[in-house]
Amino acid sequence: MTSTALPTALAEIVDDFQALEESERLQLLLEFSRELPDPPARLLDHPELLEQVVECQSPLFLTIETEPAADQSGAQSVRLFFKAPPEAPTTRGFAGVLHEGLDGLSPAEILAVPDDMPELLGLTRAITPLRMRGMTAMLGRIKRKVAELPQQG
Amino acid sequence: MPYSVEQNEKFAGYAHPERLVSTEWLAAALEDGAVGNGQLVVVESDEDVLLYETGHIPGAVKIDWHTDLNDEVTRDYVDGEAFAALASAKGISRDSTVVIYGDKSNWWAAYALWVFTLFGHEDVRLLDGGRDKWIAEGRPLTTDKTAVAPAEYPVVERNDAPIRAFKDDVLAHLGKPLIDVRSPEEYTGQRTHMPAYPEEGALRGGHIPTAASIPWARAAAEDGTYRDRSELEALYLGEAGLTPGDDVVAYCRIGERSSHTWFALKYLLGFENVRNYDGSWTEWGNAVRVPIARGAERGTVPAGK
């Protein structure tokens, strides 16, 4: 298990998936798809602020923003926003995992997440490698956008 | 005992009206209890592996195109034993009437129907308009788990030849009609995958020489139902230039969109000899010593063929 190297919230999600039988993992992914929050109205009203991840089989849009970290240290934390239609539950489920696992982390923590982290969920066989590519692409897009943030202090 | 065939004016125009049912027909059959008594099995087959779980037609079972119908080790469809096991587990017996529906105007539903046909399942039909039309009409969905009574299904060996073409069959077929159902950008070679879909690794962009370009969706109306007979004739006899009786091969990228066209040619227009080339562009675009054509022109049969 490499999940010890993951940020705490993401490591917990990976452990939750790993603890389940394959068919139950799909059920858990479905729960994540239901829990994915809608982006705030200011983004919904401005779809041009969200980027499409074209590798996903269904339309998925995402963007990131930064805000001062809650600990007042002057560091930044990254907020993630996703938009995907309800008729694309697999895509929404992946987005939900990344939202719960990464939202609010520092840029350095997000950049340290291994690119093949989606494989750790143990879904590849149940979802198929083709469908897994969308999730890997989603993580890649988030990391790229984080890497493009202006350097801090 | 096959369930009764739907009679309506639109379907009557087709060569094999018994292959389609409307949402009204299915709703009435459900009211009649046709699923409960085992005469009718309703199957959902979607692109999204979780869509069925978000809500499905009451009593419907799920068959996933990738995990249930493919054998990833042999890169082939499942064999007779695996199909028998799948059918039994879904409550399907050899004489069940099976109605298949799905997302995206029935791409994956048509693909599942084509696989059922490889096994010679006699009475398998598509729900015209699929999942989206059922929902648009406000018909019921449920997340209740469908209770399935396992059925007996015999082990039947697949009979690929009549409806499935392999690469060598297509090479031998050159000179006879081919229908390319991908997007115009894929046909010309501008791109090797569907807009907004993952790159699946075709090395070359273009089409099989002489193939006519008729993107699959042109066979579907706004509401996802098949276009009527005269519209389909204008498309395939007119624009593509097919003649009744032709031996036709349809292909796309991995064989799913072309199943939708295969269904239209075979059952709605009545072409006896239509094969789906499921290797499609992911195979042809990468194969050694296999010719392609680029650009909007159909191209010519390569010399020496």
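The model is predicted: local features need pLDDT of at least 70, side-chain atom pairs count only at pLDDT 80 or more, and totals for chains, interfaces and linings use all residues. Residues are numbered from 1 along each chain as its sequence is written, and side-chain values use heavy atoms, with hydrogens and water left out.

Chain B contains 10 helices and 11 strands, taken as DSSP runs (helices H or I, at least four residues; strands E, at least two) and numbered from the N terminus. The radius of gyration of chain B, 19 Å, is close to the 19 Å given by the globule rule for 305 residues, so the chain is as compact as a globular protein of that length; the radius is taken over C-alpha atoms, and the rule is 2.2 Å times the number of residues to the power 0.38. Of the 305 residues in chain B, 55% are buried, that is, under 20% relative accessible area (1.4 Å probe, protein chains only).

Four strands of chain B form an open parallel sheet in the order E9-E8-E10-E11, where pairing requires at least two DSSP bridges between two strands. Strands E9 (212-213) and E11 (273-277) of chain B are the edges, each pairing on one side only. Strand E8 (residues 178-180) and strand E10 (residues 247-251) of chain B pair in the parallel sense over 3 bridges, with Ile179(B) opposite Ala250(B) in E10(B).

Technical notes
Chains are lettered from A and ligands numbered from 1 in the order in which they are written. Buried means under 20% relative accessible area, exposed over 50%, partly exposed in between (1.4 Å probe, protein chains only).
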